[in-house]
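Subject: Structure handover

Hello,

Here is the structure for your files.

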Amino acid sequence: MSKPDIRVIIPAFNEQNAVGLVIDEIPKDWVSEVIVVDNGSTDDTFEQAKSRGATALKEPTRGYGNACLKGMKHIAESETQPEIVVFLDGDHSDYPEQMVDLVKPIIANEADMVIGSRALGQKEKGSMTPQQVFGNWLATTLIKIFYRKKYTDLGPFRAIRYESLLTIDMKDRTYGWTVEMQLKAAKLNLRTKDVAVNYRQRIGVSKVSGTIKGTLGAGYKIIYTIFKYL
């Protein structure tokens with residue numbers, strides 16, 4: 001199996017203790033560039049990413065989607081464009097080495113987008129809060145009902161064919177990023193696949209599930225986005 005040009009985008013906010021580990025564990029022989037987007041951190045996230053050999057960018061406007069869009073803009077302005085883009089969180093909750101399992105179905109032309117499903121994999125005790133588990137179940141159930149598409153997770157660890165990512169035309173700048181991508185993929189009849197990935201407790205406190213405001217905000221935005229694109 002020949003290896004295509006693969007770029008990794010890692011949105012990161014105050015992940016100085018985790019982002020270096022994430023970068024180190026990415027299988028370097030599979031990727032041509034690791035892009036870390038510092039989303040307004042007040043710690044040494046940017047410096048840690050840069051010291052590990054990643055392309056470190058700054059996006060001061062907070063928002064998960066804003067950070068991802070910054071990474072995509074960097075790719076669009078590069079001399080060459082990749083065949084596959086991988087999105088991965090910077091908190092060390094995912095296992096970066098499992099990236100290979102996500103890109104293989106795309107390389108084999110079996111899928112246009114692959115979601116790393118925590119629901120199908122092994123989860124470390126305490127790695128997902130009850131509200132996260134329920135929220136994922138509710139969102140995927142609504143997508144199945146209204147979009148006729150079965151997903152098992154809205155997990156942030158995912159791989160997508162670059163041309164498909166451009167076709168989807170991502171817009172969301174905050175919590176609705178992952179669900180927007182999956183909804184639009186369903187509407188465009190892209191070939192998608194869920195692949196089991198393992199999940200562990202993140203390093204540090206989650207900015208979403210770790211606070212009541214973050215949990216409610218993310219939940220509202222996800223549900224809103226599901227109905228917005230009907």
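Arg200 and Glu25 form a salt bridge, with their closest N and O atoms 3.1 Å apart. A salt bridge here is a side-chain nitrogen of Lys or Arg within 4 Å of a carboxyl oxygen of Asp or Glu. Helices (H or I, at least four residues) and strands (E, at least two) are DSSP runs, numbered from the N terminus. Arg200 is buried at 12% relative accessibility, whereas Glu25 is partly exposed at 26%. Buried means under 20% relative accessible area, exposed over 50%, and partly exposed in between (1.4 Å probe, protein chains only).

On provenance: this is a predicted model, in which local features need pLDDT of at least 70 and side-chain atom pairs count only at pLDDT 80 or more, while totals for chains, interfaces and linings use all residues. Residues are numbered from 1 along each chain as its sequence is written, and side-chain values use heavy atoms, with hydrogens and water left out.

Other salt bridges

By this rule there are 14 salt bridges. One of them joins Asp91 to Arg202, with the closest N and O atoms 3.1 Å apart. This pair also links distant parts of the chain, 111 residues apart: Asp91 is in the loop between β4 and α4 (99-107), and Arg202 is in the loop between β7 and α8. Asp91 is buried at 5% relative accessibility, and Arg202 is buried at 19%.

The side chains of Asp29 and Lys3 meet in a salt bridge at 3.4 Å, N to O. Asp29 lies in the loop between α1 (19-25) and β2, and Lys3 in the segment before β1, so the pair ties together parts 26 residues apart in sequence. Asp29 is exposed, at 54% relative accessible area, and Lys3 is partly exposed at 43%. Asp5, Arg7 and Glu33 are linked in a network of salt bridges.

The sheet

An open sheet of 7 strands has the order β3-β2-β1-β4-β6-β5-β7, with mixed pairing. Two strands pair if DSSP finds at least two bridges between them. β3 (55-58) and β7 (192-196) are the edge strands, each pairing on one side only. Neighbouring strands are turned by 20° against each other on average, direction ignored. Axes are lines fitted to C-alpha atoms, for helices over the stretch in contact, and angles run from 0 to 180 degrees between N-to-C directions.

β1 (residues 6-12) and β4 (residues 84-87) run parallel and are joined by 4 bridges; Ile6 stands opposite Ile84. On to β6: β4 and β6 are antiparallel, also with 4 bridges, and Ile84 has Arg161 as its bridge partner there. β5 and β6 pair in the antiparallel sense over 3 bridges, with Ile115 partnered by Arg158. From β6 (residues 158-161), Arg158 and Ile160 point one way and Ala159 and Arg161 the other, and all are buried.

Helix α3 (residues 64-76) lies across β1, β2 (33-38), β3 and β4, at about 150° to β1.

Arg118

Arg118 sits in the loop between β5 (113-117) and α5 (130-147). Arg118 is buried, at 6% relative accessibility. Leaving out residues up to four places away in sequence, Arg118 touches residues including Gln132, Asn136, Asp153 and Tyr199, where contact means heavy atoms within 4.5 Å.

Regards
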